[in-house]
Amino acid sequence: MKQNDCLIRLETPQDYAEAENLARESFWNVYRPGCLEHYVLHCLRDDPDFVPALDFVMEKDGRIIGQNMFMRAWIAADDGRNIPIMTMGPICIAPAYKRRGYGKMLLDYSLEKAGECGAGALCFEGNIDFYGKSGFTYASEFGIRYHGLPEGADASFFLCKELIPGYLDGITGVYATPRGYFVDEAEAEAFDQQFPPKVKLKLPGQLV
């Protein structure tokens, strides 16, 4: 789909290397020295819960400047049911294009398509200041808890959005990040050797 001066389309195998390098550039030294997101992206495409119909890139002037993907996930409801939902990410925009509206454009488009594919709700870990502008709220407001997080701990990172209004009505339970997002750091380090060298820095505000 053409939006303003860019194109949002499905990723193809020919895009993989460029999209992985984009993720590396976007996340490098943000949450930890270096990053894992480019390797996570590389691995998730082979995960059984990956949704190929919701694997998007944003292209501008013939270059990929944005990327987002979706995974099937579940809420373990307190009444014993497994409620199918989705999660997404890594989602990223090239550093040179951040804070210019491209990220929200990609996010809103991909959420619309996820709803069209039948996703009832989406749980995600992110910053409410950004994602709240696209309709996300704290998952606790839906009665959804984050797996392994102690009661009373800060869960402000854990967000949720209904894509089908009322989908989570009457549901409380626990969400666990799909296992595919957890990668071996030694394998990630070996994968990173395929890319141009970058300096890992320990910076204020990193999570690790």
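How many helical turns separate Glu116 and Lys113 in helix α3? About one, since the two are three residues apart in that helix. The views below start elsewhere and come back to this pair.

This is a predicted model, in which local features need pLDDT of at least 70 and side-chain atom pairs count only at pLDDT 80 or more, while totals for chains, interfaces and linings use all residues. Residues are numbered from 1 along each chain as its sequence is written, and side-chain values use heavy atoms, with hydrogens and water left out.

**View 1. Helix α1 and what covers it.** Helices here are DSSP runs of H or I with at least four residues, strands are runs of E with at least two, and both are numbered from the N terminus. Helix α1 has 12 residues and reaches 17 Å from its first C-alpha to its last, close to the expected 16 Å (the expected span is 1.5 Å times one less than the number of residues). Buried residues of α1 include Ala19, Leu22 and Phe27; buried means under 20% relative accessible area, exposed means over 50%, and partly exposed is in between (1.4 Å probe, protein chains only). Among the elements covering the buried residues of α1 are α2, β4 and α5.

View 2. A salt bridge is a side-chain nitrogen of Lys or Arg within 4 Å of a carboxyl oxygen of Asp or Glu, and the whole structure has 14 of them. In this one, Arg45 pairs with Glu20, and their closest N and O atoms are 2.7 Å apart. Arg45 sits in the loop between α2 and β3, Glu20 sits in helix α1, and the two are 25 residues apart. Arg45 counts as buried because its relative accessibility is 10%, and Glu20 counts as buried too, at 7%.

View 3. Side chains of opposite charge can pair when their charged atoms come close. Lys104 and Asp108 do this with closest N and O atoms 2.6 Å apart, and they lie four residues apart in α3, about one turn of the helix. Lys104 is partly exposed at 30%, and so is Asp108 at 29%. For Glu116 and Lys113, the closest N and O atoms are 3.3 Å apart. Glu116 is exposed at 53%, whereas Lys113 is partly exposed at 25%.

View 4. A disulfide is a pair of cysteine sulfur atoms within 2.5 Å, and a search of the whole structure finds zero of them. Cys160 is buried, at 0% relative accessibility. For Cys117, the closest cysteine sulfur is also in Cys123, but 18 Å away, again too far. Cys117 is partly exposed at 45%.

View 5. Val30, Tyr31, Leu207 and Val208 make a nonpolar surface patch of about 390 Å². Tyr31 belongs to the loop between α1 and α2 and is partly exposed, at 39% relative accessibility. Patches are made of residues with over 30% relative accessible area and no salt bridge, joining like charges within 9 Å and nonpolar side chains (Val, Leu, Ile, Met, Phe, Trp, Tyr) within 5 Å.

Conventions. Accessible areas come from the Shrake-Rupley method with a 1.4 Å probe; for residues, only the protein chains shown count as cover. Contact means heavy atoms within 4.5 Å.
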